[in-house]
Amino acid sequence: MSEPILAEDSTIMKLVPSLEGILKDLDENAKAHDYLVALVIVFLSESGFYVSSSDKDHSQNLRLWPLHIPKDWKSKERGIYEICFQLGVFSEVKCKLVAIPSQDTIILNFFPLTNEKQTYCMCIQTLMYVNPFSSDLSGRYRNLKAISHRFKDVIATPMRSDLLIRANLMGPSLLCLPMECKLKILTMLDVHSISQMALCCSEFHRLSYEPVLWQKLLQRDYPQTRCESINNCKHIYQECYRNQQSLLSSINRHYPHPFFFRY
């Protein structure tokens, strides 16, 4: 059986190597919030984000380097954590984590270092996931699977997709596909499904108004209908669709029940 590598697979008896290694950077007086932010660094690395480094070779060997806590990661005066990350080997794709403690709660803010800053936030009750009274490192954490899934769903995965889209890079999500592929997917859906996709995000909302999409839908669903201008295809499609629905309603009124033949 292979050794687990994700932090969420740690047990009260043994931590995964990545989490165990980064905790060596903490001193004996580390607080509960320190352990939680260290865990967040591991979660981010599992999602492809690594602590930024000025080392030229660092971007080429990110996965070979052990995780570490950067110097000056925590303000001594205010106790606020500030750490810069880069997305994988793309050193130009950078973002920042700002963690603000408030009693037993910590507020995480993760945003790209670009002009268009979309901040992803979440609030965590530290003591739900960190046990500061444990005498050994493996017992310092609990409910790791729950916090791992929550953090990645709310912060890491959306941020990763957002950055890849802005950098015109491919990624493992639907939004990171090229526009041509996304339009191709929409052309294979019915009108109701397209309207639902348009509600998912601004990107698909914009694509749902693309004239070329409605030109293809018109050719698929109403091949006998002609449209002189591509910009009128959506309007013509809507008229055809309304006429079709009206006809079906009329048929259902006259023939509310199917015919049954007895032999």
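Residues are numbered from 1 along each chain as its sequence is written, and side-chain values use heavy atoms, with hydrogens and water left out. Because the model is predicted, local features need pLDDT of at least 70 and side-chain atom pairs count only at pLDDT 80 or more, while totals for chains, interfaces and linings use all residues.

Helices (H or I, at least four residues) and strands (E, at least two) are DSSP runs numbered from the N terminus, and two strands pair if DSSP finds at least two bridges between them. Strand 2 (residues 81-87) pairs with strand 3 (residues 90-102) in the antiparallel sense over seven bridges, and here Glu82 stands opposite Val98. Strand 3 also runs antiparallel to strand 4 (residues 105-112), joined by eight bridges; Ile100 has Ile107 as its bridge partner. Strands 3 and 4 form a hairpin with two residues between them, and Gln103 in the turn has a positive phi of about 55°.

Seven aromatic pairs are found in the whole structure. Rings of Phe, Tyr and Trp (its six-membered ring) pair if their centres lie within 6.5 Å; planes under 30 degrees apart count as stacked, over 60 as edge-to-face and the rest as tilted. With ring centres 5.1 Å apart and planes at 70°, Trp73 and Tyr81 are therefore an edge-to-face pair. Buried means under 20% relative accessible area, exposed over 50% and partly exposed in between (1.4 Å probe, protein chains only). Trp73 is buried at 13%, as is Tyr81 at 1%. Phe49, Phe85 and Phe110 form one aromatic cluster.

Finally, the axes (lines fitted to C-alpha atoms, for helices over the stretch in contact, with angles from 0 to 180 degrees between N-to-C directions) of helix 4 (residues 179-187) and helix 7 (residues 211-221) come within 10 Å and cross at roughly 35°. Contact (heavy atoms within 4.5 Å) involves residues including Leu183 and Leu186 of helix 4 and Val212 and Leu213 of helix 7.
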